[in-house]
Amino acid sequence: MKKYDFLRKGAPRPSAGQLSDTKLFYRNCGLIYARFDDWKDIDRFYFIPLWLEMYYSCGWAMEMAPDPVWLGSFVRCSLEHPELFRYACPGCGRPVLPFRYTGSPLSGHVILEGNCACGWRGFESVSGWAVRATALRDRLAADSPRQAAVCERTAATSAGPAADRHRPATASTVRELLAWLGANR
Ligand SMILES: [Zn+2]
């Protein structure tokens, strides 16, 4: 028995705004990885939803993880498993961390897509689809109690007349995270 079911029908589709916010992560992933320690404990940033299109489509979605994937979980997973997600830049040899991975459970191959500080942008194709998908799903599962607690607090503070005084800690956006990082250098 496989630990996770990677097959799902009727996957949700992101809005144009959600897609463009995810593309901001693609363009700025180097900064977001580098400053992980600064934002990882802030729930509204950790649980920013990313739409990474990590599926192989043939009517069914065959996903490494169901979209959306939390930004914090994705970044933490890549950092905690360098043997799975880090590769050497073909341009300069520096380590690159991917901003998304695609591929197919049928071929077993994964495409790790990333940017390097030297300006190189591209991808690395590796084998080991299932081990990477499992690592990401394990990370999402480990983070889900924290996310549930955030949702509980949000529900508690948004009910009743005190709602305006206690803004719920809802998820932010990549755009807001980048602005916050710029202001907190
Ligand atoms: Zn490079």
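1. I begin with Leu50, which, leaving aside its neighbours within four places in sequence, is in contact with Thr22, Phe25, Pro68, Val69, Leu71 and Phe74. Leu50 is also one of the residues with the most contacts inside the largest nonpolar core, a set of 33 residues in which Phe25, Ile48, Trp70, Leu71 and Phe74 are likewise named for their contacts.

2. The protein chain averages a pLDDT of 85, and 82% of the residues score at least 70. Among the elements of the chain, helix H2 (residues 36-39) has the highest mean pLDDT, at 98, whereas strand S3 (residues 55-57) has the lowest, at 54. Over residues 161-168 the pLDDT is below 50, and beyond near neighbours in sequence this stretch has five contacts in the model. Where pLDDT is low, the predicted coordinates should not be read in detail.

3. As for the overall make-up, the protein chain holds seven helices and ten strands, and buried residues account for 29% of its 185 residues. Among contacts between residues at least 6 apart in sequence, 62% join residues at least 24 apart.

4. Helix H4 (residues 71-80) deserves attention, because seven of its ten residues are buried and the helix is thus largely enclosed by the rest of the structure.

5. Thr173 is placed in the loop between helix H6 (129-158) and helix H7 (174-183). Is Thr173 buried or exposed? Thr173 has 20 other C-beta atoms within 10 Å, and since the cut-off for a buried residue is 20 or more, Thr173 counts as buried. Leaving aside neighbours within four places in sequence, its contacts are Asp21 and Ile48; Thr173 and Ile48 are 125 residues apart in sequence, yet their C-alpha atoms are 5.7 Å apart in space.

6. Three strands form an open sheet in the order S8-S9-S10, with antiparallel pairing. The edge strands, S8 (98-104) and S10 (121-127), each pair on one side only, and neighbouring strands of this sheet are turned against each other by 25 degrees on average, direction ignored. Six bridges join S8 to S9, where Pro98 stands opposite Gly114, while seven bridges join S9 (residues 109-115) to S10, where His109 stands opposite Ser127.

7. S8 and S9 form a hairpin with four residues between them, and Gly108, in the turn, has a positive phi of about 85 degrees. Although S8 is an edge strand, five of its seven residues are buried, so S8 is largely enclosed by the rest of the structure. Helix H1 (residues 16-34) lies across S8 and S9, and runs at about 125 degrees to S8.

Technical notes:
Residues are numbered from 1 along each chain as its sequence is written. This is a predicted model: local features need pLDDT of at least 70, side-chain atom pairs count only at pLDDT 80 or more; totals for chains, interfaces and linings use all residues. A residue is buried if 20 or more other C-beta atoms lie within 10 Å of its own, exposed if 12 or fewer, and partly exposed in between; C-beta atoms are placed from the backbone. Helices (H or I, at least four residues) and strands (E, at least two) are DSSP runs, numbered from the N terminus. Two residues are in contact if their C-beta atoms, placed from the backbone, lie within 7 Å. Two strands pair if DSSP finds at least two bridges between them. Axes are lines fitted to C-alpha atoms, for helices over the stretch in contact, and angles run from 0 to 180 degrees between N-to-C directions. pLDDT is the predictor's confidence in each residue, from 0 to 100. A nonpolar core is a set of buried Ala, Val, Leu, Ile, Met, Phe, Trp, Tyr and Cys residues joined through C-beta atoms within 7 Å.
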